[in-house]
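Biologist: Please show me the model, and then I will ask about particular residues and how the pieces pack.

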Amino acid sequence: MKEIVILVHGFNVWDGGISTVGKLRPFFAEERHPYIMIDYGTFDVVKTYLKNKKVAKKLATACENAKLSGYEVIVVGHSNGCAIIDIASKKFNAPIKKAVYINPA
């Protein structure tokens with residue numbers, strides 16, 4: 001089965017994750033490996049508690065859509081993105097094959 005990578009950035013990111021998990025994009029593109037980035041904007045550390053569940057639902061939906069399109073899902077998160085991946089997996093049963101956590105929050 002083919003795989004897709006979903007990249008999820010941390011909470012205090014102003015560039016949509018380009019300077020964190022986005023730096024991995026050229027490597028996936030070079031290998032012609034499909035990827036998408038979940039960009040949930042920026043918010044302060046206090047609001048992570050309030051917004052992470054909503055972002056995790058968005059990620060779970062993206063994972064479900066990818067699976068319906070015939071992909072197995074690999075997620076790569078940085079910092080708060082790792083917490084979001086964990087919530088998506090546990091609370092929303094996101095169909096994630098593999099997860100990579102970079103400097104998890």
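**Contacts, cores and helix packing**

Biologist: Leaving aside its neighbours within four places in sequence, which residues is Lys97 in contact with?
Modeller: This is a predicted model. Lys97 lies in strand E4. With neighbours within four places in sequence set aside, the residues in contact with Lys97 are Glu3, Glu72 and Val73.

Biologist: How far apart are the C-alpha atoms of Lys97 and Glu72?
Modeller: Glu72 is one of the residues in contact with Lys97. Along the chain the two are 25 residues apart, and their C-alpha atoms are separated by 6.1 Å.

Biologist: Does Lys97 count as buried, partly exposed or exposed, and what is the reason?
Modeller: Buried means under 20% relative accessible area and exposed means over 50%, with partly exposed in between. Lys97 has 41% relative accessibility, so it counts as partly exposed.

Biologist: Which residues of the largest nonpolar core touch the most other members?
Modeller: This core has 20 residues. The residues that touch the most other members are Ile6, Val8 and Leu59.

Biologist: Which element supplies the largest share of this core?
Modeller: The largest share is seven residues, and it comes from H2.

Biologist: Which residues is Leu59 in contact with, leaving aside its neighbours within four places in sequence?
Modeller: Leu59 is among the core residues that touch the most other members. Beyond four places in sequence, the contacts of Leu59 are Ile6, Val8, Ile38, Val75, Ile84, Ile85 and Ala88.

Biologist: Which residues does the second, separate core include?
Modeller: The second core is made up of six residues. Among them are Val5, Leu7, Ile74 and Val76.

Biologist: Is Val76 buried or exposed?
Modeller: The place of Val76 is in strand E3. The cut-off for buried is under 20% relative accessible area. Val76 has 6% relative accessibility, so it counts as buried.

Biologist: What is the C-alpha to C-alpha separation of Val76 and Val21?
Modeller: Leaving aside neighbours within four places in sequence, Val76 is in contact with Val5, Ile6, Leu7, Val8, Val21, Leu24, Ile85, Val100 and Ile102. Val76 and Val21 are 55 residues apart in sequence, and their C-alpha to C-alpha separation is 7.4 Å.

Biologist: Is H2 parallel or oblique to H3, and why?
Modeller: Two packed helices are described by the angle and the distance between their axes. The axes of H2 and H3 come within 8 Å and cross at roughly 60°. That angle is why H2 counts as oblique to H3.

Biologist: Is the crossing of H2 and H3 left-handed or right-handed?
Modeller: The angle at which the axes of H2 and H3 cross is roughly 60°. As H2 passes H3, the crossing is right-handed.

Biologist: How many nonpolar, polar and charged residues are in the contact of H2 with H3?
Modeller: From H2, the contact is made by Thr48, Asn52, Lys53, Val55, Ala56, Leu59 and Ala60. From H3, it is made by Asn80, Ala83, Ile84, Ile85, Ile87, Ala88 and Lys91. By class, the contact has nine nonpolar, three polar and two charged residues.

Biologist: What separates the C-alpha atoms of Ala56 and Ile87?
Modeller: Ala56 is found in helix H2, and it counts as buried because its relative accessibility is 0%. Leaving aside neighbours within four places in sequence, Ala56 is in contact with Ile84, Ile87, Ala88 and Phe92. The C-alpha atoms of Ala56 and Ile87, 31 residues apart along the chain, are separated by 5.9 Å.

Biologist: What is phi of Asn93?
Modeller: Asn93 sits in the loop between H3 and strand E4 (96-102). It is exposed, with a relative accessible area of 60%. For this residue, which is other than glycine, phi is positive, near 50°.

Key. Residues numbered from 1 in each chain as written. Predicted model: local features only at pLDDT ≥ 70, side-chain atom pairs only at ≥ 80, totals over all residues. Heavy atoms only, no water. Core = buried A, V, L, I, M, F, W, Y, C linked by side-chain atoms within 4.5 Å. Buried < 20%, exposed > 50% of the residue type's maximum accessible area, 1.4 Å probe, protein only. Helix = DSSP H or I, 4+ residues; strand = E, 2+ residues; numbered from the N terminus. Contact = heavy atoms within 4.5 Å. Axes fitted to C-alpha atoms, helices over the stretch in contact; angles between N-to-C directions. Parallel < 35°, antiparallel > 145°, perpendicular 65-115°, else oblique. Left-handed = near helix turned anticlockwise from the far one by under 90°. Nonpolar A, V, L, I, M, F, W, Y, C, P; charged D, E, K, R; others polar.
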